[in-house]
Structures are given as C-alpha cells and as structure tokens.
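Biologist: I would like to learn how to read salt bridges in a model. Can we work through one together?

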Amino acid sequence: MLPNNAEQKLKELAIILPPPPTPLGSYVEANQSGNILFLSGMLPIVAGKPKFIGRIGRELTVEDGRNAAAAATLNGLSTVKAHLGSLNSVTRILKLGVYIATEGDFKEHPKVADGASELLEKIFGTDKLPTRAVLGVASLPLGMSIEIELVLEIGTDDPR
C-alpha cells in the first residue's frame, strides 16, 4: 500500500474542507476503537445550512445527488481531520455507506454514490477505495437527499 499524502492532494485539487459539522442530536461525529475510526452519518450541509433538500429523481437530479454525496463526504473528511489532526493518518477507507432519499422506482443509486467514491479516489487514490453499500430510503434527517457514513483505518502510530 502506498503512503498517504491526502493533505497534499487536497491542495493540488484546490479543495478546502468545510468546518466539521456538529451533531444534530445526542451523539458524537467520530468514535475511534484502536486503529478503526467510525463516523456518524454525514449530511450535505454547506456553509452551515442544509443543502440538496428533497428526493433524488423527484425534486433533485442524479447530478444533484452526486454533488450532495460529495458535499457530505467533504463534511466527513473534515470530521476525520478534526479528530486525527491530518488526513495523512488514514491508511485505508474500509467502508462507505450511501443512503439516498428516492422514490420507490429510482434505479440510479450507483451513479449518485459515485459522487462520494470518486472524490475519495481523487484524494486518497485507488488503492484506498472502500467497500460500499448504497441504499434508497424514504426519508433522511432534515429532508436531505443524501447521508453517508465512513469507516476508516488509521495509522497504528496514532495514540488514540
């Protein structure tokens, strides 16, 4: 596995992480056990406000869904950086879960989820891509279209 230089890749891609989100209820955004970091569900909150409200395939397009997935992923990465101090501590992204608010007959879930997967690939590289679960759901918090969750492996030299 190649060493991670995600922080440099963010600079090259001109990506500025947003401030880490704050919980909407009684939970924490990140929880670490050994070298595994679990994130709570991340929503597409942009500039502190819910964005991409509605269902993909109804009020929003597949492209909107891809953008929402990318925005939620950036919030997740911001949470990782706040918890670890650097994205370079990530050795592998183990799992990506993408929940998509859709109508019952929607069939383009993978295209929407690729908004998150492709962003992770640009930042971390192909060798760190996660397994993925993609689900269509009836509703999500605050009426948002996307919620993602991440499970990451971090360097064993991290003391937490």
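Biologist: How many salt bridges does the count come to?

Modeller: Side chains of opposite charge can pair when their charged atoms come close. This is a predicted model. A Lys or Arg side-chain nitrogen must lie within 4 Å of an Asp or Glu carboxyl oxygen. By this rule, there are 10 salt bridges.

Biologist: Which residue forms a salt bridge with Arg55?

Modeller: Glu103 does, with the closest N and O atoms 3.2 Å apart. Arg55 sits in the loop between β4 (49–50) and α2 (62–84). Glu103 sits in the loop between β5 (90–101) and α3 (109–124). The two are 48 residues apart, so look for distant parts of the chain being linked.

Biologist: Are Arg55 and Glu103 buried, partly exposed or exposed?

Modeller: Arg55 is partly exposed, at 27% relative accessibility. Glu103 is also partly exposed, with a relative accessible area of 25%.

Biologist: What is the distance between Arg58 and Glu103 at their closest N and O atoms?

Modeller: It is 3.3 Å, and the pair forms a salt bridge. Arg58 is in the loop between β4 and α2, so this pair ties together parts 45 residues apart in sequence. Arg58 is exposed, at 53% relative accessible area.

Biologist: Which residues are joined into one network by shared partners?

Modeller: Arg55, Arg58, Glu59 and Glu103.

Biologist: Which helices does the Glu118 and Arg66 pair link?

Modeller: Glu118 forms a salt bridge with Arg66, the closest N and O atoms being 2.6 Å apart. Glu118 is in helix α3 and Arg66 in helix α2, 52 residues apart. Glu118 counts as partly exposed, at 33%.

How values were computed: Residues numbered from 1 in each chain as written. Predicted model: local features only at pLDDT ≥ 70, side-chain atom pairs only at ≥ 80, totals over all residues. Heavy atoms only, no water. Helix = DSSP H or I, 4+ residues; strand = E, 2+ residues; numbered from the N terminus. Buried < 20%, exposed > 50% of the residue type's maximum accessible area, 1.4 Å probe, protein only.
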